[in-house]
Amino acid sequence: MFNELAIPQRTIMTPGPVEAHPAVLQAMTRRILGQFDPAFLTIMDEVKEMIKQPFGTTNKEAFAIDGTSRSGLEAALIALIEPGDKVLIPAYGRFAYLLGEICERARAEVRYLEKEWTAPFAPDAVIAEIDAFNPKIVAMVHGETANGQMQPLAEIGQYCRANNIFFVVDMVATYGGVPLAVDEWCVDIAIAGTQKCLSVPSGLALVTYNDRVEDVLDARYQKELGLSKTDRNERHIASNYLDLSQLQRYWNQERINHHTEATSMIYALHEGLRVLLQEGLSEVYHRHARNEGALIAGLKAMGLNLYGAADTKMPTVTPVFIPEGIDGEAVRNMLLDDFGVEIASSFGDLKGKIWRIGNMGYSSRKENILHVLAALEGALLYHQAPIQSGQAVPAALRFYQNNI
Ligand SMILES: *Cc1c(COP(=O)(O)O)cnc(C)c1O
């Protein structure tokens, strides 16, 4: 016999997944509708419209893909790539290499422009490499979750547009937490996820794209064999499940059958977006910025140092150096086991050097910020780290008082 699920109480302060909004969890318990039930189609139509708002776009197309955020990244890239196409990947953190790996597997010719991870690129450096390499696609990450840095996109996007290059951007870790302007920044395809600032469980990717991309999709569209034996297309997209040209025709009024939509996840997404828009996007961004400010004030008052450039730091992730001589994993384990607080380690060269504290979505709340600061101070003192004691929580409280 197996026991019933036992889910412990947690304060999740990682860069995803974050605590799901209670209204989202409730939406997931609602009854199932058939995927072509008009009541469900209305929900899908509303989701399409709501997805566009945090992206800052008036694109016609925006919808969800069943799969985590990386399914959206893969769908976007393979929609554009045909074997031998040149893709430039400017990499200032871990997730850029994921974009590159997807492109390599799609048989693109990939060039990486690399730098150290403490800051994003100066736009000029990317533009110079575009001139040197002449790619068909530039693919970048807006917010690099592994190192907490955020790339200014407008100049690069405008240069790509002027030179007829596709600009694909991973906005997974900034969507719903930081103002985005997909249209103004000339992003052709933008991708987001659900388990970060949307406060929805992991399992869907969000995409939006413009007419330039739609033209490519139209040229590559192939109807599924079981639905038509005549509509063959030599240039068809290499995946069936992640074929944006088919997915678009399922999400729009043609309603051509593709997969069976994940009804409960779409309810969850609808509710996550609705709650976000009801709070108001500018209020949502202000809440994230305010909680970030309080967290930083507390960490600094403790005597801890932040990793990376301050002016390009993501509001949604705070990377902090593990104090000299302290076992970062022992502290993280104590936070989880004794305080019920989860923070993240990092990847690659940064593993063992920094922790990352998330500040995303429903987890971005004053009580969570105060809880993580108090717990971290307690665990660090227990491990005899040389920190200032008794300073962090009052500093955060003062920050809240001075920044309404
Ligand atoms: C979390 C994250 C991803 C991967 O998301 P999954 O939902 O785990 O597939 C990709 N890019 C960035 C920037 C992320 O933060």
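Trainee: Which hand does the crossing of H12 and H13 have?
Mentor: This is a predicted model, where local features need pLDDT of at least 70, side-chain atom pairs count only at pLDDT 80 or more, and totals for chains, interfaces and linings use all residues. Residues are numbered from 1 along each chain as its sequence is written. Helices (H or I, at least four residues) and strands (E, at least two) are DSSP runs numbered from the N terminus. A crossing is left-handed if the near helix is turned anticlockwise from the far one by less than a right angle, and right-handed if clockwise; where H12 passes H13, the crossing is right-handed.

Trainee: How is H12 oriented relative to H13?
Mentor: Axes are lines fitted to C-alpha atoms, for helices over the stretch in contact, with angles from 0 to 180 degrees between N-to-C directions. Those of H12 (residues 366-382) and H13 (residues 392-402) come within 9 Å and cross at roughly 160°. Angles under 35 degrees count as roughly parallel, over 145 as roughly antiparallel, 65 to 115 as roughly perpendicular and the rest as oblique. H12 and H13 are therefore roughly antiparallel.

Trainee: How many charged residues does their contact have?
Mentor: Residues are in contact if their C-beta atoms, placed from the backbone, lie within 7 Å. H12 gives Lys366, Ile369, Leu370, Leu373, Ala374 and Glu377, while H13 gives Ala392, Val393, Ala396 and Tyr400. Ala, Val, Leu, Ile, Met, Phe, Trp, Tyr, Cys and Pro count as nonpolar, Asp, Glu, Lys and Arg as charged, and the others, Gly among them, as polar. That contact has eight nonpolar residues, no polar ones and, of the charged class, two.

Trainee: What about H2 and H9: what is their relative orientation?
Mentor: The axes of H2 (residues 38-55) and H9 (residues 263-279) come within 9 Å and cross at roughly 45°. Their crossing is left-handed. H2 and H9 are therefore oblique.

Trainee: Which elements give two or more residues to the side of domain 1 that touches domain 2?
Mentor: An automatic or database domain assignment sets the bounds, giving domain 1 (20-276) and domain 2 (281-402). Their contact takes 26 residues from domain 1 and 23 residues from domain 2. On the domain 1 side, the elements you want are H2 and strand S7 (149-150).

Trainee: And which residues come nearest to the ligand?
Mentor: A residue counts as near if its C-beta atom, placed from the backbone, lies within 6 Å of the molecule or strand. The shell around the ligand divides into four nonpolar, seven polar and two charged residues. Of the 13 residues there, those that come nearest are Thr68, Ser69, Arg70, Thr145 and Ala173.

Conventions. Contact = placed C-beta atoms within 7 Å.
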